[in-house]
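Hello,

Please find the structure below, handed over for your own reading. My notes on what was found in it follow.

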Amino acid sequence: MPHSQQVDFLIVGAGFSGLIAAERLSAAGFRCKVLDRRPHIAGNAFDEYDESGVLIHRYGPHYFRTNSPRIVEYLSRFTEWHHVSYQIKSYTQGKYWSFPINLNTFEEWLGRASTEDEWVSWLDAHKVPIDSPANSEEVIVSQVGWELYRAFFEQYTIKQWQLHPKELDASVCGRIPIRHNRDDRYLTDEFQALPVAGYTAMLQKIIDHSPNSCVELGVDFLAEKDRWSYKHLIFTGPIDAYFDFCYGTLPYRSVRFENESFTAEQLLERENISGKPGHWQPAMQVNFPDLDVPYTRIVEIKHATGQQIDATTIVKEFPEEWTPEKEPFYPVPTSSSAELYERYKALAQQQENVSFIGRLGTYRYYNMDQVTGMALAEADRLIKRYSA
Ligand SMILES: Cc1cc2nc3c(=O)[nH]c(=O)nc-3n(C[C@H](O)[C@H](O)[C@H](O)COP(=O)(O)OP(=O)(O)OC[C@H]3O[C@@H](n4cnc5c(N)ncnc54)[C@H](O)[C@@H]3O)c2cc1C
């Protein structure tokens, strides 16, 4: 499709949000063009085979999970699934701990066997009575008290955000469950699985099923705004960038990834640690809550993908300041950033022919299933509006 040709929808961003919206609109007969400034599709969910042949998630591990049958049904048109129960551990005080905190963690803490009753009584005696936790510190101490908060949450959160948990919205640490039983699954959503061939392959299939769409990579829409002719714009990039940062920059947190691969021979030395041949560490993800370790977590995604390969790759994550030349990863959930976003949102609402969707368009920590739901809903709304 030549650039000058008018399309119905110009869609900025070839991640989950943009490609799913394009597929729906294309299926309804609208002509769509999708742009992305990166040289690949799939946005932050991009995965690829590294030099050792291991399937890795380039922008950090992406654990797909959902409680929505509608979203599973939609995505299953484009992929088969590898079902998985995501397991993580925490490493502090020289050992690995069950995490999220559960009865097993409590036994490890005590150094002896215990019961659910004793664990609940211990929590009752240690938790701080706070009716409506107003920040991330309060949300944890109101459930487990100071000792476990300090061991597993306080320093990790400071390292991740460069902010004290007291300064962060309750939702940040509140997302991590505290369990009374021995359930040590990271997540409890009904559907937990990864696309068998990866996210990029799944999203490529979505493109292949969009006959009225074309995708152009390596193009920054904001650098060439006037080049395109369209009826409606769907913008899944950062909302503040769209408005030329007129109220200032919305803050993000960034991450630097350091990858290291190991051959089968090198792994033999560590097998007593991984407990699983062909793996480097005992779980898919190990958190390092102590501030004297510069990274927050090590992820060995092969535990989750189930890839049958002798080698493995681990990825260390070093939280970093965000600057505009880096990818914006995590919106910073403070009250001041929420207020700034509200000002941009008010501007967005005045734009008749522009939709802002996705994680960056709405400045919110949404998971992949949530942005899928958002893209499907927005596509439905636009199909009704433009078919009328
Ligand atoms: C480190 C990390 C870990 C995550 N882990 C999980 C997880 O375990 N489970 C889960 O469900 N979700 C996870 N997520 C969230 C997941 O990445 C998002 O829900 C999903 O990728 C959002 O899709 P999107 O299309 O809205 O945004 P994105 O994937 O960010 O795509 C937006 C695209 O827009 C492009 N773009 C921006 N501006 C422009 C422009 N001016 N011109 C052209 N293109 C532009 C960008 O290059 C990008 O490709 C994680 C996110 C991060 C950062």
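Helices (H or I, at least four residues) and strands (E, at least two) are DSSP runs, numbered from the N terminus. This is a predicted model, in which local features need pLDDT of at least 70 and side-chain atom pairs count only at pLDDT 80 or more, while totals for chains, interfaces and linings use all residues. Residues are numbered from 1 along each chain as its sequence is written.

Helix α5 spans residues 136-144, and eight of its nine residues are buried, so it is largely enclosed by the rest of the structure. A residue is buried if 20 or more other C-beta atoms lie within 10 Å of its own, exposed if 12 or fewer, and partly exposed in between, with C-beta atoms placed from the backbone. The buried residues of α5 are Ser-136, Glu-137, Glu-138, Val-139, Ile-140, Val-141, Gln-143 and Val-144. Their cover includes α4 (116-126), α6 and α7 (170-174), where contact requires C-beta atoms, placed from the backbone, to lie within 7 Å.

Glu-118 belongs to helix α4. Glu-118 is partly exposed, with 14 other C-beta atoms within 10 Å.

**Domains and core**

The protein chain is divided into domain 1 (7-48 + 197-248 + 332-387) and domain 2 (99-174); these bounds come from an automatic or database domain assignment. Between the C-alpha centres of domain 1 and domain 2 the distance is 37 Å.

The largest nonpolar core has 86 residues, and those with the most contacts inside it are Ile-11, Leu-19 and Ala-21. Such a core is a set of buried Ala, Val, Leu, Ile, Met, Phe, Trp, Tyr and Cys residues joined through C-beta atoms within 7 Å. Helix α6 (residues 146-161) supplies the largest share of this core, seven residues. Domain 1 and domain 2 both give residues to this core, so it lies between them. Leaving aside residues up to four places away in sequence, Ile-11 touches Gly-18, Ala-21, Ala-22, Cys-32, Lys-33, Val-34 and Ile-234.

**Helices α1 and α15**

The axes of α1 (residues 16-27) and α15 (residues 368-387) come within 8 Å and cross at roughly 35 degrees. Axes here are lines fitted to C-alpha atoms, for helices over the stretch in contact, and angles run from 0 to 180 degrees between N-to-C directions. The crossing of α1 and α15 is right-handed, that is, the near helix is turned clockwise from the far one by less than a right angle. On the α1 side, the contact residues are Phe-16, Ser-17, Ile-20, Ala-21, Arg-24 and Leu-25. Those in α15 include Met-368, Val-371, Leu-382 and Ile-383.

**Backbone points**

Most residues other than glycine have a negative phi, and most peptide bonds are trans.

- The peptide bond from Phe-99 to Pro-100 is cis, with omega near 0 degrees. Pro-100 sits in the loop between β8 (95-99) and α3 (103-110).
- Asp-244, not a glycine, has a positive phi of about 55 degrees. Asp-244 is in the loop between α9 (239-242) and β12 (252-262), and is exposed, with 8 other C-beta atoms within 10 Å.
- Tyr-363, also not a glycine, has a positive phi of about 45 degrees. Tyr-363 is in the loop between α14 (358-361) and α15, and counts as buried, with 26 C-beta neighbours inside 10 Å.

Regards

How values were computed:
Two residues are in contact if their C-beta atoms, placed from the backbone, lie within 7 Å.
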